[in-house]
Amino acid sequence: MAHAQHPEFGAAVRQLIRESGLTLDRIVEASRTRRRVPLSRTVLSSWQNGRSRPATWASLQTLLSIVGELSPSSASSRARIDPRRWEALYRACEPTATPARTTTPAPRDDRLVRAADPILLGVRQARKNDGLASVPPYVERDVDPVVDDALRAASGTGGIVLLTGDSTAGKTRTAFEAMQRVLPDLPLLCPPPESSLDSCVEAARSLAEQGGQCVIWLDELEHFLGPGRLDADVLRRLVGCRSVLLATMRLAEYNSRRPRPTRTAKGDDAYTRIDFGDPVLKAAEAIGLPRVWSAPELERTEAQSDPRLVDALRHHQRHGIAEYLSAGPHLWDRWRNSRYVGGNPRGHALVSAAVDLARSGLGGPLPTGLIASLHTGYLTGETDALLTPEPLDEALAWASQDPIGVSRLLLPVGEDVWRPFDYLVDMLSLGDAAPAVPDAVREAAVAHASSKEERYTVGVSCYRADRIDLALRSFLTSAEAGHPGSMLYVGSILLNQGKEDAAAAWWLRLAKAGNAKGMLNLGVRYSRQGRAKKAEKWWRRAFEAGFPEAGAKLAGLHDERGEHDEAERLWTLALEAEVPDAFYRFGLLAYQERDFEEAERLYLKAAEQGHREATTNLAQVFLAQGRMEEAEKLYVIAADAGDYVAMRALGALNEWRGKLHPSDEDPEERMRRISDSLQKLFDEAEQEGRWNGQAKSAKVWYRRAAGHGDLVSLRLLGNLYQRCGKYEKAHKCYRRAAKLGDPLSAAYFRQPVLADVRPPDAYPDRPDEEYEDDAPWQPTPRTLAVLKAALEIEADAAADALEEIKDRPVTTEESFVGCFDLLPAQTWSQGAQWRREMIRCFDDLADDITNGRLPLPRCTGEEMALHLALEHASAITEDTPDLAEECAEGAPVRPGDYDWWTCKDALFEDHDVLMLYEPWMEGIEDPDDHVNQQFGMANLTPDDWFKPFREDRARAADRGFRD
């Protein structure tokens, strides 16, 4: 690593940024507005490290103005950005002659940047015109200052600058002109594509030992990437020699390699399945170049007299200037129009086969034999049957002809090997309506791919086309040869197939080879198994290997252990490294603080990198701001990506739409009501009307979410059926959710039900005279005796169970743990003290009967105890009459014995507590719930179960508990 050349300036910048509270990402974003000088992370990092200074005073002024605008204003903050102080620092580190540079042998002039030939470096020739150069005059592009700044920063520290854009956007020419302006006197190294860069590393090291550095030219970077070529290790060695890597890449290629991890869940359960991101691209300062030119660029073009530029300017409404100069549109029309009568149908078919082979992932030279073997598949349509295709040799000659001296449909790259003009590949792939690559072509590509890198790119193309079978075939051969990306893909495919053990074997191979993604996934696997120490070991190894995503995992562990300072340090590092989980975490904090603008920015950053949950939470931000349409669009995006929470939200939204609302209801009030419902993720509130056809849409989303394993949505689907009166379907949904482990659904089937199925009027009638001057109804002595026995049995069973489970939560897999698994699911996580109070409820009611009092519940806990005891007592009289007789021994037989139905009606003030068992009443225990308030419910929250309904009937507080 290069030493700090300007340590005082670097320390001042670090302090400024730290005290401002701004992230580098925030500063970069702010610099791209209001006509400021655009800054980049590479430039800012270089300033902070003291390895370079701003190329211009205007660049430094941009940083100072952003800090002044976005950080809190105070006397100390104004002093931090005092321009006089910063101008002195800026002037103090102006470049001076460096003795070390004078010892560097002067390179030969023909190897310097200033002597480079643009045509040899890949700049496309313009249309030939007598007396004019092959390359027209350069027209300044809007991004030139940004590229220049990035090159200056890279020359101070070493680094890679990458220009991206569509084919024929002008990337190569822009890069060439930038290095001519900024680095004209440095040696230029131009390695051949598809080759090792070892010779470049040696040359760079030799120059560095003498105090020098070089520029490495990498036009079409995709042909240099991969193990054994330009990978993270080679890049690290080149940057250590302060080499400047200047590269270009078509936008389609760049997007296919950008980091887009797919995760299974949030937090520690999230495997990094497939990361399309190449580590070299992550380290690059990527600068986009639009294909269509801006108004200022067109104005600068108007000032040129070159007839080719003048001609291109006339066509700028349809095409970019560089695009037109490189004959892209001309060759596109030549190819597309050659299929018809009077054209070159076989030539068209040959080019089509070559283009589709390139789209299938074969980026290298294509043999004539391979193209010819596939081209007949493009001559089988009804229109082609009317044509008489030309001979093969003639077709090949036509396809490789340069009609206007600029380029060809098929470019010769060796003897009998070709590459299609990349403009055709990009144009055919644009948009959602791009035609699919034929299966025969994909099969041929898988069979033809020879190197592990080529097999990898073919596998990626097949994977994206949902041809997982072909993708796995291609990846396996590449993975066995040691390609890390292919190993990760194989592991992901196996994971999708439910073969987690087999996937873990590939992650272990990756980890042993030093791959941090493999280490990360092993950590996730151990975390899912509850083996926290093992998980931490692998995550720490991944973090130490330079994988910031692992830092986010470690931050979560430190948070759980209460080590918040270390957690915050790791979270901040992860945020600086633009880790999606860090954006998500800080977005969540901003949302909780009601800073919706910051939450939106952070969630958007995470969502852009494929974080599904961030997309859903971004919708929640929009929802909180009343931006309902935008929220719904994001829910759809997240749902299509497999996020079941978003599917659930869409289902709830459609439920609300399916209700008729009062015609005089204020629209803002209705919006607030809907928003409140979605914010709570489907608060099951009071019904305001009847259902219409929108319920069908809600079912679709609930079913999709349930299909993704979301038990809550399976229960919500049951709720939807319940409210629509389809009770059997509702019952099936609850039964399925209960079997899969949903506590609320499981509790639904454990609601106390009387075993005596006889209706009340089936009991023997008493003579009318017995009702005259009758005292208030009371249970008969035999009824009370059996009920007391049931209360004591329930209390004893619960006390025995408490010895076993203590504070442990109840789960759906448990049964026969006293009464605790029979209570509503809201109580299952209560501790041992709460459970002792529940046992005392049974004992208190039994004591009431013993002391001649009716067992009238005085709190919610006693209501629940009495419901369970009545169920037990009815089972005794119905199923074991001998036991009932034993319990009631000595008590007189009377009409109305064991009238449990009347007991259930008369001993309670209401049955509100039983509503806790109903899944469609979820949330009803909350005092703020609409239904709770409408019906005047009280003490349904588990913490309130043992509060007396009325203080005048409260039991003695010092009565104690059973031994």
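Modeller: We begin with burial: a residue is called buried under 20% relative accessible area, exposed over 50%, and partly exposed in between, using a 1.4 Å probe and protein chains only. This is a predicted model, in which local features need pLDDT of at least 70 and side-chain atom pairs count only at pLDDT 80 or more, while totals for chains, interfaces and linings use all residues. Residues are numbered from 1 along each chain as its sequence is written, and side-chain values use heavy atoms, with hydrogens and water left out.

Biologist: Is Thr248 buried or exposed?

Modeller: Thr248 counts as buried because its relative accessibility is 3%. For the chain of 963 residues, the buried share is 52%.

Biologist: In which element does Thr248 lie, and which residues is it in contact with?

Modeller: Helices (H or I, at least four residues) and strands (E, at least two) are DSSP runs, numbered from the N terminus. There are 46 helices and eight strands in the chain, and Thr248 belongs to strand E4, residues 244–250. Contact means heavy atoms within 4.5 Å. Leaving aside neighbours within four places in sequence, the contacts of Thr248 include Leu162, Leu163, Lys171, Thr172, Ala175 and Leu218. Along the whole chain, 69% of the contacts between residues at least 6 apart in sequence join residues at least 24 apart.

Biologist: Which residues of helix H1 are buried?

Modeller: The general idea is to check the helix and then look down its axis. The expected span of a helix is 1.5 Å times one less than its number of residues. The 14 residues of H1 (residues 7–20) should therefore span 20 Å, and this agrees with the 20 Å between its end C-alpha atoms. Buried in H1 are Phe9, Gly10, Ala12, Val13, Leu16, Ile17 and Ser20. Seen down the axis, these residues fall within an arc of 160°, so they line one face of the helix; the arc is that of the directions from the helix axis to the C-beta atoms. Pro7, Glu8 and Arg18 are exposed on the face turned away from the buried side.

Biologist: What covers the buried residues of helix H11?

Modeller: In H11 (residues 232–240), Val234, Leu235, Leu238 and Val239 are the buried residues. They line one face of the helix, because they fall within an arc of 130° when seen down its axis. Their cover includes H8, strand E1 (159–165), helix H10 (198–209), strand E3 (215–218), E4 and helix H13 (279–283).

Biologist: Which residues have the most contacts inside the largest nonpolar core?

Modeller: In soluble globular proteins, nonpolar side chains tend to be buried together. A nonpolar core is a set of buried Ala, Val, Leu, Ile, Met, Phe, Trp, Tyr and Cys residues joined through side-chain atoms within 4.5 Å. The largest such core here has 101 residues, and Val351 and Phe475 have the most contacts inside it. Not counting residues up to four places away in sequence, Phe475 touches several residues, among them Tyr456, Val460, Tyr463, Tyr489 and Ile493. A second, separate core of 55 residues includes Ala832, Cys841, Ala865 and Ala884.

Biologist: How many cavities of 30 Å³ or more are there?

Modeller: On a 1 Å grid over the protein atoms alone, a cavity is a set of points where a 1.4 Å probe fits but cannot get out, and its lining residues have an atom within 4 Å of a point. Grid points are joined across faces, edges and corners, and a volume is the space filled by probe spheres set on the points. By this rule there are three cavities of 30 Å³ or more.

Biologist: Which residues is Asp422 in contact with?

Modeller: Asp422 lies in helix H21 (residues 422–429) and counts as buried because its relative accessibility is 10%. Leaving aside neighbours within four places in sequence, Asp422 is in contact with Arg124, Ser167, Glu220 and Arg250. Asp422 and Thr168 are 254 residues apart along the chain, while their C-alpha atoms are separated by 8.8 Å.

Key
1 Å grid on protein atoms, 1.4 Å probe; cavity = no way out; pocket = protein on both sides within 12 Å on 5 of 7 lines; lining within 4 Å.
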